[in-house]
Amino acid sequence: MTTDHHAGSCCAPAVDRADGADVATLPRGERSMRGQVRIPAGTFWMGDSHGDGYVADGERPVHQVRLSSYLIDAKAVTNAQFAAFVKATAYVTDAERDGVSAVFHLAVDAAPADILQRAAGVPWWLAVRGADWRHPAGPRSGIGDLQNHPVVHVSWLDAQAYCRWAGKRLPTEAEWEHAARGGLDRARYPWGDALGTGGRWRCNIWQGEFPQRNTLDDGYLTTAPVTAFQANGYGLLNAVGNVWEWCHDAFRETEYAERAGAEPVVDPVAAESADVDDRQVPRVMRGGSYLCHDSYCNRYRVAARSSNTAESSSGNIGFRCANDAA
Ligand SMILES: [Ca+2]
Ligand SMILES: [Ca+2]
Ligand SMILES: [Cu+2]
């Protein structure tokens, strides 16, 4: 396990893996709109209008983006849904092939011998043998009570495989942000500019002192059900917080800088996104996770960007699917 360029944040560590599944050999499912909401064609301001972001994440400059109409899942893909995919295809995830994935230290449920190492620079991430989507906290854990929680320990390639079978695709980064905004113009969060009111949390992030003490004010140390909290104006649930969500695009810090001046940018997709077999390409993750906290990782905002290599997995990365409008 090596650190990624987000060392010091909660964002999940990268994992080096020898090889993985060949997604192209999987059956391609018939196009499905199940569980999806339609986002009308429109123009929005993409990026961080508040100056909240980390410069190296490339959330600025804010620029105008025009998108065609598209469909996107209201909720992240659940363990139950992923189980149906695996049952139908016998698909083996990258974490299962490799036999190891990253688990947050306070969540680990594994024998000491299965805890292999701490990730350099992000010591709250442990490489745990036998951690995978069926065993999100390690070999001693299960998903019996987590059917309606987002699937985790899935790589970008695993997400691609699921999408192919489900008759869907991953959202582009621009589609993800536009949908997460819920129709609000340049707001910080899917519901507005303020994090919360009266101690009532609107998303699953970290409360307390990271990484040792979580007061659980929002009710969850790790994942929450995909139906928790209120939907945004487009009907999306848990766009920010809960789990990071893979997007189609290759991640480039300079992406927005290169778009500025050519606005509105129409249906943008980052260059280098097309090489879907490259396991080392950093892919965009959006929305932040249950580990985010203002003190060190303020990425539970709609404009926030992060990335991990296509083959990496951890206990706080999942995904939702999208589709072209019919
Ligand atoms: Ca929480
Ligand atoms: Ca999320
Ligand atoms: Cu974070």
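Colleague: Among contacts in the protein between residues at least 6 apart in sequence, what share joins residues at least 24 apart?
Modeller: That share is 78%, where a contact means C-beta atoms, placed from the backbone, within 7 Å. This is a predicted model: local features need pLDDT of at least 70, side-chain atom pairs count only at pLDDT 80 or more, and totals for chains, interfaces and linings use all residues. Residues are numbered from 1 along each chain as its sequence is written, while chains are lettered from A and ligands numbered from 1 in the order written.

Colleague: How many helices and strands?
Modeller: The protein has 5 helices and 15 strands (DSSP runs numbered from the N terminus: H or I of at least four residues, E of at least two).

Colleague: What are its spans along the principal axes?
Modeller: The C-alpha trace spans about 55 × 45 × 30 Å.

Colleague: Is V86 buried or exposed, and why?
Modeller: V86 is buried, because 20 other C-beta atoms lie within 10 Å; buried takes 20 or more within 10 Å, exposed 12 or fewer, partly exposed in between, with C-beta atoms placed from the backbone. V86 sits in helix α1, residues 79-89. Across the protein, 54% of the 326 residues are buried.

Colleague: Changing topic, what is the strand order in the open sheet of 4 strands?
Modeller: The order is β13-β12-β10-β14, with mixed pairing; a pair needs at least two DSSP bridges. Strands β13 (305-309) and β14 (317-318) are the edges, each pairing on one side only.

Colleague: How do β12 and β13 pair?
Modeller: Strand β12 (residues 282-286) runs antiparallel to β13, over 5 bridges. In one of the bridges to β13, R283 partners N308.

Note on methods. Two residues are in contact if their C-beta atoms, placed from the backbone, lie within 7 Å.
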